[in-house]
Amino acid sequence: MACFFRRRIAAQLGCTLQQPEDAFIPALAAVPVFKKQQSADFKLSIATLRMSGILPSSGDIQLQAESLAARLKRDSVVEDVSAGRGVINFKVNRKLLVQKVLESFGKEEEGQFGLNSELLNTLTRGTTLVEYSSPNIAKKFHAGHLRSTIIGNFIANLKQCLGNNVIRMNYLGDWGMQFGLLGAGFAKFGCQEKLKQNPLQHLFEVYVEVNKDVEQNEEMMQAARAFFSQLEQHDSEAVSLWQQFREITVDEYQHVYKRLGVHFDIYSGESFHQQQAQQVVQKLQSQGLLKTSEKGTGVVDLSTAKDMSSVSTVLRSDGTTLYITRDLAAAIDRKEKYHFDEMIYVTDKSQAIHFQQLFHILLAMGHSWADRCEHVPFGLVRGMKTRRGEVVFLEDVLDEARARMLRNMNQSKTTKETVNPEDTAEKVGISALIVQDFRGPRESDYTFDWDRMLQAQGDTGVFLQYTHARLHSLIQRNEGVAAVLFDPSHLLEQTSVPVLQHLLRYDEVLYQSAKDLQPKHLVNFLLKLCHLIASAHRELPVKGSSQDVAQARLRLFSGARSVLANGMKILGITPVDQM
């Protein structure tokens, strides 16, 4: 695989330039496959060698590339070396390319393809706590929570497959003034009978009504403050109602998570840290960090000049805590309890300032590990609507994705009869949702498009699933033909080599994904793999070929299927075997 070739090229560079071979690994990259046939497999960046001090930083970069290329020798691994624009291109022995890329497939370690790369050994490993999804209690799982859920799931999956010990946490919004509003609102608009019949729908209706009422009725806001104050003082009636609403909500969420293929190790929430939040306030006070504003609120001065020009409010004037106070308590508690090496918060980009303040205060309190906490922001989704209207609940979106996909499958001439078409439609529909979300930069807003999302052709989740199902079917039909040994000379065609060249990039894609936590790298890699496989499938038939040729081609398709399936699982997509 790629690390074998990288190491051999680096060894020759080290010998030529009298430098440790490890110094060249970061400067070597597999060449992306484009439509026009390329002969090079790897490229060496001269700029990277200049920045690292291996080559002089002054002088003509092109002359440096040509001079170094001329000093490098061809051997049994590298059959051609040439200077490009600021790079040196390496073409490896074609039979060796086939053999090394495909040798692990058909063995027990095929699921580890790309994961044993020395490139990934440079990543820091340890315990990673990922907080994601985090919907608010007593509200239906809104489609806006979809992005946090699937991005957080991707990050957790990626970190886990790279060897980290991952703790998946759902930190519920189950405390604060929003619950004061709901508690006071339920007293006026709520109905226990309706709560039994359709729990979250009724709570949503109550929440809408109470928010309307608050705009015109100051007494309702006072009642909400009073209810939240009762909660913080552990009033039995208020706590009982809160527990009832929380249990109803978690049950509903778990049903949605199951459909998405998402699980959590821990369900936590703001309510877990209400007492610890008061301890944080006391700690801030004893450290001289807590100030009192003109409004009587408790604040922490974040300004560099310490002139109160930038503050974070951690305590209301009535003494009740805020979201950030409980977040401070939660972070400190998690570090003590789970001893994480890094903690990742996955929320929309509107909360960027909140997390800047959170990390700033933690550092001011003396918690140096706050430097290992990271906020992973994401943009908003525009136009996610179902036929029901403007308010979009995720359950409705999942239902509609399944229904539309089922209709498309029924109308398609290529769809085969499946054992459970509804289940297939559900998985493919969710794949379509995830891929549409992941194709662009994570921080960007995007416009939701049902028709484009569910297309079988083009860069969609449906295309990924269709390719996987097609490869699975091909391998299953030729089960008796597959063999452990194969002849690499049968895979030197113009359509098979680009697939192998593309697979060389898999470890680099995982490495880049781990560095910036962007799912787009892996999605675009898998989509490109599917396009290359589609070309190879058309031009390299298994049926009707000699046994030696069929065995070699099956190894290629089997390897591609394995990488495709493993990549899909990291994205949070369950591969289907039939479509």
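A salt bridge is a side-chain nitrogen of Lys or Arg within 4 Å of a carboxyl oxygen of Asp or Glu. With that rule in hand, let's take a tour.

Before you start clicking, know that this is a predicted model, in which local features need pLDDT of at least 70 and side-chain atom pairs count only at pLDDT 80 or more, while totals for chains, interfaces and linings use all residues. Residues are numbered from 1 along each chain as its sequence is written, and side-chain values use heavy atoms, with hydrogens and water left out.

**Stop 1: Glu-342 and Lys-159**

Select Glu-342 and Lys-159 and show their side chains. These two form a salt bridge, with the closest N and O atoms 2.9 Å apart. Glu-342 lies in strand β11 (residues 342-348) and Lys-159 in helix α5, so the pair ties together parts that are 183 residues apart in sequence. Helices (H or I, at least four residues) and strands (E, at least two) are DSSP runs, numbered from the N terminus. Are Glu-342 and Lys-159 buried or exposed? Both are buried; buried means under 20% relative accessible area, exposed over 50%, and partly exposed in between (1.4 Å probe, protein chains only).

**Stop 2: Asp-437 and Arg-147**

Stay with helix α5 (residues 145-161), where Arg-147 lies. Asp-437 is buried at 3% relative accessibility, and Arg-147 is buried at 2%.

**Stop 3: Arg-7 and Glu-118**

Next, select Arg-7 and Glu-118, a salt bridge whose closest N and O atoms are 2.6 Å apart. Arg-7 sits in helix α1 (residues 2-17) and Glu-118 in the loop between α4 (94-102) and β5 (127-131), so they tie together parts 111 residues apart in sequence. Arg-7 is partly exposed, at 24% relative accessible area, whereas Glu-118 is buried, at 19%.

**Stop 4: a network**

Select Arg-259, Glu-395, Asp-399, Arg-402 and Glu-426 together: salt bridges link them in a network. How many salt bridges does the rule give? The count comes to 32.

**Stop 5: helix α21**

Finally, select residues 547-571, which make up helix α21. Its 25 residues reach 36 Å from the first C-alpha to the last, close to the 36 Å expected at 1.5 Å a residue; the expected span is 1.5 Å times one less than the number of residues. Of those 25 residues, 21 are buried, so α21 is largely enclosed by the rest of the structure.
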